[in-house]
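Here are my notes for someone opening this entry for the first time. Have a look through it, then read the points in order.

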Amino acid sequence: MSTDFSSASSSHTLTARQRDIVRILAKTAGKPVPVGAVSEKLNVSSRTILRELPAIEHWLDENDFTFIRKPGVGLSIEEGPESIQLLEELLDIGPAWSDISQKERRRQILGELLFVREPVKSTVFLSRFQISEGTLAKDLDALEEWLSGYQVHIQRRPGIGIFVEGTETAYRQAIANAALEFMDNGEILKMLRGNIREEQISESRLLKNRLFSFIDPQIVTFVEQILSVTEKELNIKYTDSGYMALIVHLSLSIRRLRSGEKIEMDPEELKNLSDLPEYTVAEQIAERIGRQFSLTIPTEEVGFITMHLSSARIWPQTRRMRSQLQSINTRQFVMSIVDQVEHELHLPFHTCNRMIEELTSHMDSMISRLSMNIQLDNSQGDAIRQKYPDIYEAVEHACGLFRDRLFIEDISPSEITFVAMHFAAAAETLRREQKKIAVAVVCPSGMGASRMLAANLIRSLHNLEIRQIMSAFRLDPVKLRESGIDLVISTVPLEINFPSVCVSPIPQTQDMLIINQALDTISTKRTKETRQKPKTPAPALNLSFDDLCSLTRTGEEIAQLLCCFQIKEVSGIHQTEALLGQAAGVFADSILSRQIISQDLARRESIRNTFIPELNIHLLHCRTTAVPHCRCAYIKLQTPFLIPGGTVKGAILLLAPQSDQNECVEVISQISMLLVEDKRFLQALQSGDVNEGRVLAEQTLVKYYQNLIIKRKGDGTL
């Protein structure tokens with residue numbers, strides 16, 4: 001939401017928290033207190049303390065007290081005993097309702113309106129907060145603007161009062177997002193992770209507000225246990241932001257079910273949610289809640305839980321059973337952003353496979369959140385914008401180009417920050433790699449002089465990485481390039497078609513000049529072209545029996561897919577239904593199996609249209625009992641035909657056997673990704689070049705298999 005409630009407190013008063021901060025500093029007058037020590041004493045985050053300092057500094061200045069902020073040292077009030085006594089007397093004059101900040105007052109009003117759900121007389125607010133009718137009108141205008149984003153509206157009826165109107169879904173979204181937006185993230189996480197004792201929670205001024213009254217400590221403890229159990233049983237992982245949103249939502253749900261409130265959801269929306277993989281998890285969570293609190297959980301509530309699960313990344317990327325079409329569409333979106341950011345920053349982000357995988361997963365949840373109008377706060381926004389302004393700006397531009405494709409009006413700064421964080425992490429890695437130059441140190445034997453030279457280089461030069469120490473007789477330019485070596489530094493002259501210099505085992509001034517000149521040449525060259533990411537030697541494997549079985553199944557499915565890979569050219573196809581019929585027969589070995597494949601493809605098509613307008617193809621895919629292994633084919637149309645979404649030139653057919661094992665789906669997914677990441681693959685298919693298509697598919701699948709072995713071993717670098 002763009003509306004800002006966060007105006008500062010009155011310049012003449014301090015809030016309760018600000019008074020507590022000043023009291024701490026007054027007790028140690030003249031001695032700096034670290035911000036972290038203040039935050040720990042008050043059980044809030046350091047960011048919260050820093051946010052309070054401008055108002056504190058202004059108040060102290062108005063009252064002629066000297067306030068010192070020393071970066072890296074701490075905060076202090078530089079006054080004598082008499083002045084400190086006067087300061088403490090001023091602090092003892094407790095704040096009235098009129099002293100609270102504008103943000104806090106509006107939060108109080110919002111909580112009252114959302115939870116009372118009946119008209120409240122304006123005199124209630126005027127008297128409680130000691131404000132004028134004009135101030136109340138401005139508060140309600142600001143709240144109306146914020147609530148309108150959730151399709152909840154404030155009604156002001158003379159003689160009746162002030163109340164809000166909206167659907168059940170709208171109320172839930174507004175309440176949950178208000179709690180997440182108005183409550184400090186650090187405070188929420190401490191509470192949810194058990195770092196605040198129950199008596200501290202009950203005394204919290206925030207939780208005395210109606211807006212947070214549904215967050216009961218006992219319910220929080222139980223819900224956290226439920227989420228912990230589902231993580232282990234279902235092999236899923238909640239993000240911190242998703243975890244917080246779920247706690248807030250489930251606490252609200254339990255409160256409303258206990259009070260007998262009716263839960264409503266549009267039947268069509270509920271049906272769509274029941275098709276999501278998160279629905280099964282939601283059912284298990286609902287069943288546990290029902291047992292614990294003796295409640296009957298309606299299916300509509302299961303739907304609401306599913307909405308929140310799908311808005312957070314809860315499935316590990318390698319295990320989540322997402323639809324192939326969703327994967328490829330999201331990945332296209334991600335690759336477009338990567339291309340745009342790479343163009344602006346001149347860093348090879350397309351080589352960061354891990355970032356692309358994680359960003360694709362994040363984008364899935366982000367698109368889901370935006371479609372359901374669920375907002376998440378990102379406390380790192382200011383830090384990211386300050387430390388990585390170029391990255392944030394580039395990501396902001398890239399996201400702006402694709403708002404229309406997401407069918408949303410705007411992407412909030414918090415969401416842009418989440419995306420920028422992925423690029424910032426990748427940029428740090430890329431810049432480290434680009435700064436260091438990989439070197440092989442060489443002498444005749446690879447044992448004596450080269451070791452001495454390496455020791456001297458390590459001590460003298462910090463911008464190089466000695467990757468190999470070897471014998472001059474074993475030099476192979478091809479292997480050097482494959483290992484990512486940039487330069488050979490040798491103690492003997494070399495005749496080799498590779499960048500090299502010859503120096504003394506104990507480099508003298510002239511030797512160091514020669515080495516630095518070579519390093520400068522390589523660095524200059526790097527700014528003009530992207531260096532290939534070095535291949536690291538495969539680590540020693542330590543696989544379990546289950547890993548071995550899974551890898552064997554994966555290898556079998558890859559081999560089966562490549563052996564049966566084909567391109568089929570057809571004519572006389574003028575509509576999608578006919579295309580489905582042709583596709584069903586490609587791998588069918590009987591009339592019955594063709595009928596089964598046809599029904600399974602049609603069932604998948606009925607869930608969501610599989611046409612990809614950017615590629616002019618249908619991505620026909622399903623699980624089916626009619627094939628024993630993974631199958632892939634391209635159906636090439638002699639004559640393209642028109643549909644409402646564009647022109648259909650052909651179809652990729654991807655079939656996976658009906659099985660509880662995930663290996664088949666993951667192998668199929670690699671082909672989907674290949675369509676996006678290598679344009680040559682689709683070009684080969686559309687030109688009818690089956691050999692080229694198979695070669696490209698083989699390269700991708702073999703690389704995937706090699707990386708899978710390393711990942712199974714536990715190497716988290718990929």
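1. Start with histidine 422 and what it touches. Leaving aside residues up to four places away in sequence, histidine 422 is in contact with Met355, Glu358, Leu359 and His362. Bear in mind while you look that this is a predicted model.

2. Where does histidine 422 sit? Its place is in helix α22, which covers residues 413-435. Is histidine 422 buried or exposed? Its relative accessibility is 19%, so it counts as buried, the cut-off for that being under 20%.

3. Next, the four-stranded sheet. Its strands come in the order β6-β5-β7-β8, the sheet is open, and the pairing is parallel. At the edges you'll find β6 (464-471) and β8 (500-502), each of which pairs on one side only. On average, neighbouring strands of this sheet are turned by 25 degrees against each other, ignoring direction.

4. You can walk across that sheet pair by pair. Strand β5 (residues 437-443) runs parallel to β6 and is joined to it by seven bridges; here valine 439 stands opposite isoleucine 466 in β6. β5 also pairs with β7 in the parallel sense, over four bridges, and valine 442 has serine 490 in β7 as its bridge partner. Between β7 and β8 there are three bridges, again in the parallel sense, with serine 500 in β8 as the bridge partner of valine 488.

5. Which way do its side chains point? Leu487 and Ile489 point one way, while Val488 and Ser490 point the other way. All of them are buried. As background, side chains in a regular strand alternate between the two faces of the sheet.

6. Now for the five-stranded sheet. This one is open too, with mixed pairing, and the order is β9-β12-β13-β11-β10. Its edge strands, each pairing on one side only, are β9 (566-570) and β10 (611-612). How many bridges link β9 and strand β12? There are five, and β9 and β12 (residues 631-643) pair in the parallel sense. If you want a spot to check, glutamine 566 stands opposite alanine 633 in β12.

7. Last, a helix to view together with that sheet. Helix α27 (residues 576-586) lies across β9, β11 (617-624), β12 and β13 (646-657). Compared with β12, helix α27 runs at about 160 degrees.

Methods: Residues numbered from 1 in each chain as written. Predicted model: local features only at pLDDT ≥ 70, side-chain atom pairs only at ≥ 80, totals over all residues. Heavy atoms only, no water. Helix = DSSP H or I, 4+ residues; strand = E, 2+ residues; numbered from the N terminus. Buried < 20%, exposed > 50% of the residue type's maximum accessible area, 1.4 Å probe, protein only. Contact = heavy atoms within 4.5 Å. Pairing = 2+ DSSP bridges. Axes fitted to C-alpha atoms, helices over the stretch in contact; angles between N-to-C directions.
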